[in-house]
Structure formats: structure tokens, C-alpha cells
Amino acid sequence: MSPRARDVDLAGARVVVAGLGVTGRAVVEALAGRAGTVTTVDGRAADADVTGADAADPAVAADLVARSDLVVASPGWAPTTPLLAAAQRAGVPVWSEVELAWRLRSGAPWLAVTGTNGKTTTVQMLASILTAAGLRTATVGNVGTPVLTAAQDSDLDVLAVELSSFQLHHTLTMAVEAGAVLNVADDHLDWHGSAAAYAADKGRIYHGAQVACVYNVADPRTERLVREADVAEGARAVGFTLGAPGPGQLGVVEDVLVDRAFHTAADAPDRHRTAAELGTLADLAHLGGPQGAPPHVVANALAAAALARAHGVEARAVRDGLRRFSADAHRAAVVRTLDGVTYVDDSKATNAHAAAASLAACAPGTGVWIAGGLAKGATFDDLVASRADRLRAAVVIGTDPEPFTDALARHAPEVPVRVIDPGDTGSVMRRAVSAARQAAREGDTVLLAPAGASMDQFASYAARGEEFASAVQDLT
């Protein structure tokens with residue numbers, strides 16, 4: 001067993017909690033009465049035991065680690081921070097809040113989702129399906145409520161857990177009932193150090209899986225992660241595809257969502273040649289624009305259905321749960337149609353993979369793309385090259401537009417590009433929306449799918465989406 005994963009007797013243990021946000025405070029609360037001492041470290045939290053410059057001081061970190069038995073790290077803390085690096089050098093175990101939650105869980109099984117994009121939508125779809133089946137559940141993890149809080153709730157039947165690569169990095173002994181990796185694309189390379197390390201952390205969700213490892217047939221990297229995982233005896237690899245499914249897969253036949261992995265003789269008398277019907281594309285039509293649900297939403301629904309079916313949920317509950325599901329704001333949300341132009345807020349598309357999926361929903365030559373933001377070490381050549389045919393024009397925002405404008409110049413030189421000067425007075429987003437409107441024609445889609453993080457100019461992706469929606473609603 002890795003030193004990071006070794007057991008620690010919490011009774012009397014000296015624990016350092018790295019980070020005092022929502023996750024860190026949940027950890028402190030859970031350790032109260034369990035651990036011997038708890039020391040909190042956070043450079044910005046005034047009530048932390050170690051704060052300010054001391055929180056980043058290597059000498060202070062080394063001293064803390066020398067006097068500790070365990071470090072519990074919040075997901076925002078990269079392994080290279082002085083405290084976590086010191087713990088690694090000293091052989092002191094580092095756990096995530098998710099690892100602690102797994103060790104303190106009440107017994108309800110976990111159905112877990114990760115991936116570069118689509119995690120929140122999928123886990124919320126999953127919760128809607130589980131609720132339709134009459135099960136007591138909660139959506140937890142990266143989606144909001146700390147896993148640790150829900151994991152100790154004995155009144156829940158099953159947890160729908162969203163996990164980021166940050167959370168999985170220090171999660172070492174978790175063994176979910178079923179886990180899914182939706183997709184893997186380069187993201188957060190500045191945190192993980194390499195694309196291989198990022199993918200490996202995503203793959204941790206499969207290790208120890210009890211019933212099923214759900215993967216994306218269209219993304220061979222997810223299947224490779226299944227093959228590399230050490231799973232429980234009898235756990236199955238289950239693929240989802242937007243095409244007709246093979247045995248052991250879920251997919252789409254004409255306009256019907258079908259299951260060829262978990263169907264039984266009761267679902268389909270000739271189960272080797274037929275499939276169980278889970279619903280239709282019409283059940284997802286409310287999650288898209290004029291053309292219905294885009295492909296990535298259908299894929300998310302199939303992944304959620306696979307996880308629910310692994311838990312034994314009937315096909316009827318899958319259909320009912322998908323019908324009742326409504327997406328959060330800023331995820332491919334139609335804001336308004338004006339003069340025949342549809343304005344769509346997908347501010348949650350904070351990386352190239354998500355933006356590519358969003359642009360794929362535009363008909364060829366009809367997309368006016370509002371892009372830009374923090375690149376997080378990513379490049380956009382593949383994105384632009386694969387979606388150039390969808391673009392009529394591009395409007396680039398952000399304090400560092402070059403990664404976007406350079407990719408557009410290389411791979412879509414015929415597409416007009418307008419760069420919004422970040423130094424100009426007035427609202428950045430209002431100027432971007434105005435420029436996009438000037439470029440759009442009847443039948444087009446003005447799409448905010450930035451492919452970058454928001455923090456260079458906005459408080460959050462939600463604030464960015466809200467400014468976009470406000471600017472669109474003010475158009476006359």
C-alpha cells in the first residue's frame with residue numbers, strides 16, 4: 001500500500017487540514033471528537049490556525065508536517081504547494097476529503113462520475129433517475145455539498161457523486177459501486193503537470209469498482225483507463241455510445257435510448273438479440289435548442305442511465321427521471337431569440353473539449369462564437385480545426401486573447417475575428433454581444449462557449465454567463 005493510503009488511527013491523531021473553504025470546514029467538523037488535534041492552514045482565512053504568508057512558507061510547512069500524522073487536502077491545493085510537498089517528502093499520508101469520507105461512510109453505496117466535461121449534468125441526471133425510482137439520494141462532491149457530509153447520513157440509500165481530478169488525486173481506497181469517466185481531454189495541466197498524470201487521476205474512479213466501470217465508446221482513453229484499473233471480481237466494463245450499442249453497451253437506435261448491458265429476460269425476452277428501451281430522444285428535447293438535445297447531452301443521459309442500471313434501477317425510472325430533469329444555468333441555455341438569431345449561454349464550457357461539444361450543436365456556418373479567458377496551459381488548435389466549419393465569425397474576450405486568435409488564424413483564416421479590447425471602458429460582455437450581433441445573420445446562433453476559465457475578467461463562470469444573458473436581454 002502506498003504511504004499516502006496507509007491507515008491512520010484518527011483517535012489521538014495529529015491532523016493538518018489544508019484549506020479552510022467549504023470542504024475544509026466539513027473536514028474540521030467531521031474530525032471534531034475523532035482526531036487528537038486539528039490544525040488548519042489557509043492563506044486567506046482569518047480564522048485558520050496558520051494563515052497569511054506563513055501558509056506558504058516552506059519552513060512552516062516542514063515544521064507542521066514533522067508534528068503531524070495525517071494531512072487532509074482541499075481540492076484546490078496542488079501537490080506542489082509547500083505543505084503537500086513536505087508531507088510527500090516526509091512520508092506523511094495525504095488524503096482528500098473524499099478519502100476521509102469513504103473511510104467514515106455510513107454504508108450507502110456510491111455511484112460516481114468524473115470526466116473533463118459533463119460531470120455536473122450527468123450526476124444531476126443520475127440523481128433525478130434515482131429519485132424517480134423512489135430512492136433517497138443526494139448529489140454531492142464537486143457539484144456542491146461535500147461528500148463527507150452526505151457520506152455519514154444513514155438516511156440515504158445511495159449517493160450520486162461528482163468527482164474532479166483534483167479530488168481524485170488524493171483518493172486512494174475508495175471502491176464505488178459503479179463509476180464513469182465521461183471523457184478525457186487536456187485540462188488543468190498546470191495543476192497535474194502532464195496530460196498522462198491528469199488522465200491517471202481520472203482513472204482512479206474505477207479502482208475497486210464493485211459492479212460496473214462505465215466508459216465512453218467514442219473516447220478510447222476512457223476504455224483504456226478501465227483496462228488499467230484493478231476492480232472487484234465480476235465488475236463489468238459498460239460502454240455508452242451515440243450509435244447502435246453492441247453487447248454490454250447502452251446506445252441509441254433510431255430515436256430510442258436502449259440498454260444491452262443490464263437488460264434481463266423481463267426487459268427483453270430474447271436478451272442476446274434485443275435491448276431494453278430506456279426512453280427516447282423526445283424525453284430529452286427540453287434540454288436543447290430548436291434542434292433538440294445536443295449530442296453531448298444525450299451521451300450524458302446514457303452515462304447516467306448506465307450508472308443507475310448498475311444499481312438495479314428499472315428502465316421506467318430512467319425514462320421518468322430524464323423527463324423530469326432540468327439543467328442548471330449556464331449550460332447550453334437558450335437566453336433569447338431575436339431577429340431570427342438564437343443566443344445561447346454555455347459559460348460553463350471552460351475548456352476546449354466542452355466548447356467543441358457546444359459548437360457541434362451549431363449547423364455548419366451558423367455559429368458566432370464568443371470565446372476567451374484563462375487558457376490554464378491548454379491550446380486550442382484542435383478545437384478550432386475540428387469546428388471551423390461551424391463558424392460564421394468569432395468574438396474573442398479575455399486579457400490574453402492570443403491563444404485563441406492564433407488558433408483561429410492558423411485553422412480558420414477565412415472566419416472574421418473581432419477582439420474585444422480588455423482595456424476599453426464599459427462592459428466587456430456587452431461589447432462582445434454587440435459585436436456578435438453585428439456578425440450574425442438570421443438562422444445563426446450566437447454562442448458563449450469560452451473554452452477558458454473566467455477569473456481574468458469575471459468573478460466566476462456563472463457571473464460571466466449572467467452578464468452575457470443580461471446583455472442579450474437588453475438588445476432591442
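The structure holds zero disulfides. A disulfide is a covalent bond between the sulfur atoms of two cysteines. The model is a predicted one. Cys-213 has a relative accessibility of 2%, so it counts as buried. Cys-362 is also buried, because its relative accessible area is 5% and the cut-off for buried is under 20%.

**A helix pair**

Two packed helices are described by the angle between their axes and the distance between the axes. Take helix H5, residues 119-132, and helix H11, residues 295-310. Their axes come within 8 Å. They cross at roughly 50°. H5 and H11 are therefore oblique to each other. Their crossing is right-handed.

Which residues of H5 and H11 make the contact? From H5 come Thr-121, Thr-122, Met-125, Leu-126, Ile-129 and Leu-130. From H11 come Val-297, Asn-300, Ala-301, Ala-303, Ala-304, Ala-305, Leu-307 and Ala-308. Sorted by class, this contact has eleven nonpolar residues, three polar ones and no charged ones.

Val-143 sits in the loop between strand E6 (137-141) and helix H6 (147-151). Is Val-143 buried, exposed or partly exposed? Its relative accessible area is 24%, so it is partly exposed. Leaving aside neighbours within four places in sequence, Val-143 is in contact with Thr-120, Val-123, Gln-124 and Glu-162. Gln-124 is 19 residues away from Val-143 along the chain, and their C-alpha atoms are separated by 8.7 Å.

**Two positive phi angles**

Most residues other than glycine have a negative phi, and most peptide bonds are trans. Asp-339 has a positive phi, near 55°, and is not a glycine. Ala-451 is not a glycine either, and its phi is positive at about 70°.

Where do these residues lie? Asp-339 is in the loop between strand E14 (333-338) and strand E15 (341-345). Ala-451 is in strand E19, residues 445-451. Their accessibility can be read in turn. Asp-339 is exposed, because its relative accessible area is 56% and the cut-off for exposed is over 50%. Ala-451 has 2% relative accessibility, so it counts as buried.

The table lists the accessibility values of the single residues discussed here.

| Residue | Relative accessible area | Class |
|---|---|---|
| Cys-213 | 2% | buried |
| Cys-362 | 5% | buried |
| Val-143 | 24% | partly exposed |
| Asp-339 | 56% | exposed |
| Ala-451 | 2% | buried |

Definitions and conventions. Residues are numbered from 1 along each chain as its sequence is written. This is a predicted model: local features need pLDDT of at least 70, side-chain atom pairs count only at pLDDT 80 or more; totals for chains, interfaces and linings use all residues. Side-chain values use heavy atoms; hydrogens and water are left out. A disulfide is a pair of cysteine sulfur atoms within 2.5 Å. Buried means under 20% relative accessible area, exposed over 50%, partly exposed in between (1.4 Å probe, protein chains only). Helices (H or I, at least four residues) and strands (E, at least two) are DSSP runs, numbered from the N terminus. Contact means heavy atoms within 4.5 Å. Axes are lines fitted to C-alpha atoms, for helices over the stretch in contact, and angles run from 0 to 180 degrees between N-to-C directions. Angles under 35 degrees count as roughly parallel, over 145 as roughly antiparallel, 65 to 115 as roughly perpendicular and the rest as oblique. A crossing is left-handed if the near helix is turned anticlockwise from the far one by less than a right angle, and right-handed if clockwise. Ala, Val, Leu, Ile, Met, Phe, Trp, Tyr, Cys and Pro count as nonpolar, Asp, Glu, Lys and Arg as charged, and the others, Gly among them, as polar.
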